[in-house]
Amino acid sequence: MSAIQPRTWPEGTMSAVAITAPGRVELTRIPIPGPRPDEVLIRPSYVGLCGTDLELLHGKASYLQDGRAQFPLVFGHEWCGQVVAVGEDVKGIAVGNRVVGQTMVPCGLCRMCQRGQRQHCERLVEVGLYGLQGAAAEYIRMPMRSLTVLPDALSDLSAAFIEPAVTVVGGFDKAGCGLEDEVAVVGTGTIGLLAVQLASRMARSVDAIGIDEAGLKLAAACGARRTLRPDQARNGSYSLVIEASGSSRAFMRSIELAETGGRVAVVGVANDPVAGFAPGELVLRGIDLLGIRHGLDYYDRTIQLFVDGVLDAKPLIAGVLPPEQAERAFEMLEHGRSGPPKVLLNFNNDRRTS
């Protein structure tokens with residue numbers, strides 16, 4: 001792969017894929033973001049689509065409901081790319097470097113940032129969700145502090161999975177997963193399958209619990225000891241439960257599955273109210289309930305897990321399409337649940353893919 005030659009920051013307009021209204025995805029042209037001293041301009045290679053992007057497409061995302069985001073919206077928060085220009089104050093990142101970008105961009109100055117809880121920043125913005133342009137474009141501009149340089153040993157296709165994977169790695173760390181744990185992963189989407197891969201290497205055992213037959217088969221291939229339907233799993237059987245489905249019903253099932261003194265790490269975002277939830281059950285059974293909001297501090301560690309083969313992106317890829325077929329990519333994501341869960345857009349055909 002030949003590196004991009006150093007050059008000045010480009011000007012003018014660029015191509016982008018935007019959600020312009022509920023249910024509508026269009027190719028458009030927007031201004032190239034201008035230079036800033038501590039920021040970097042990157043040409044994206046791969047952009048992954050996830051359930052949050054579907055919520056944006058349908059106009060149901062909380063960011064749209066509360067006014068943080070509005071149409072037209074250039075999406076894309078799971079991505080990697082190559083640096084094409086850098087601001088005058090940028091250090092440690094050079095033109096030609098391959099990088100992955102963080103979704104959450106904290107201010108670094110508020111009380112939450114100062115407490116070391118950057119993911120709860122009071123002035124947080126998120127790439128491709130609200131406050132910052134997403135990566136579904138010819139270029140994306142990012143603060144240098146929100147980028148991680150990729151090693152040569154990691155392919156671009158794998159690097160596009162780092163963003164969802166950091167949440168899994170952060171969740172396992174926060175939950176203190178160890179060799180003595182018997183783990184249940186609820187949900188067989190991208191997050192759930194990555195969690196199965198990681199648990200199969202970290203814990204005594206891991207069972208995958210889900211409702212999608214194709215997802216359960218993939219979970220077995222990713223290292224699950226057993227694959228179970230929700231009604232087949234025995235209550236109180238697991239020291240650690242990872243809720244990765246984002247379903248309110250699955251949240252309740254996760255609590256039931258945890259043993260006395262166990263932990264439930266909630267990664268999936270369930271927006272519907274939970275009927276029948278009795279808080280006293282957490283107290284009397286001594287269950288630790290952990291909300292996992294991303295994994296800002298786990299990018300380097302997650303990259304190494306991919307390099308070492310602990311995490312593997314290839315089994316999770318349903319398709320890779322060009323930006324011109326973004327509408328089709330969203331259709332595959334929503335209706336193509338008969339195999340791997342992840343659909344990606346390829347913005348740069350000459351990037352390495354294996």
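In this predicted model, Thr190 touches Phe161, Pro164, Leu316, Pro341 and Lys342, not counting residues up to four places away in sequence; a contact denotes heavy atoms within 4.5 Å. Thr190 belongs to helix α6, helices (H or I, at least four residues) and strands (E, at least two) being DSSP runs numbered from the N terminus. With a relative accessible area of 10%, Thr190 is buried, a term that stands for under 20% relative accessible area, against over 50% for exposed and in between for partly exposed (1.4 Å probe, protein chains only).

Residues are numbered from 1 along each chain as its sequence is written, and side-chain values use heavy atoms, with hydrogens and water left out. Local features require a pLDDT of at least 70 and side-chain atom pairs count only at pLDDT 80 or more, whereas totals for chains, interfaces and linings use all residues.

An open sheet of 6 strands shows parallel pairing in the order β14-β13-β12-β15-β16-β17. Its edge strands, β14 and β17 (288–291), each pair on one side only. From one strand to the next, the twist averages 20 degrees. Pairing requires that DSSP find at least two bridges between two strands; strand β16 (residues 258–266) is joined to β17 by 4 bridges, and the two run parallel. Ala265 stands opposite Leu290 in β17. Helix α5 (residues 162–175) packs on the sheet, where α5 touches β15 (238–243), β16 and β17, and its direction makes about 150 degrees with that of β17. Such angles run from 0 to 180 degrees between N-to-C directions, the axes being lines fitted to C-alpha atoms, for helices over the stretch in contact.

Helix α7 lies across β13 and β14 and runs at about 165 degrees to β14. Within α7 (residues 213–221), Ala214, Gly215, Leu216, Leu218 and Ala219 are buried. The buried residues of α7 pack against α6 (190–202), β13 (205–209) and β14 (226–228). The N-terminal end of α7 is capped by Asp212, a side-chain oxygen of which lies 3.3 Å from the backbone nitrogen of Ala214. Just after α7, Gly223 adopts a positive phi of about 120 degrees.

The mean pLDDT of the protein, the predictor's confidence in each residue on a scale from 0 to 100, is 94, and 96% of the residues reach 70 or more. Over residues 1–6 the pLDDT is below 50, and this stretch has 15 contacts in the model beyond near neighbours in sequence. For residues 350–354, the pLDDT stays under 50 and the model has 19 contacts beyond four places in sequence.

Technical notes
Polar contact = N/O pair within 3.5 Å; in protein donor to acceptor, adjacent residues only side chain to side chain.
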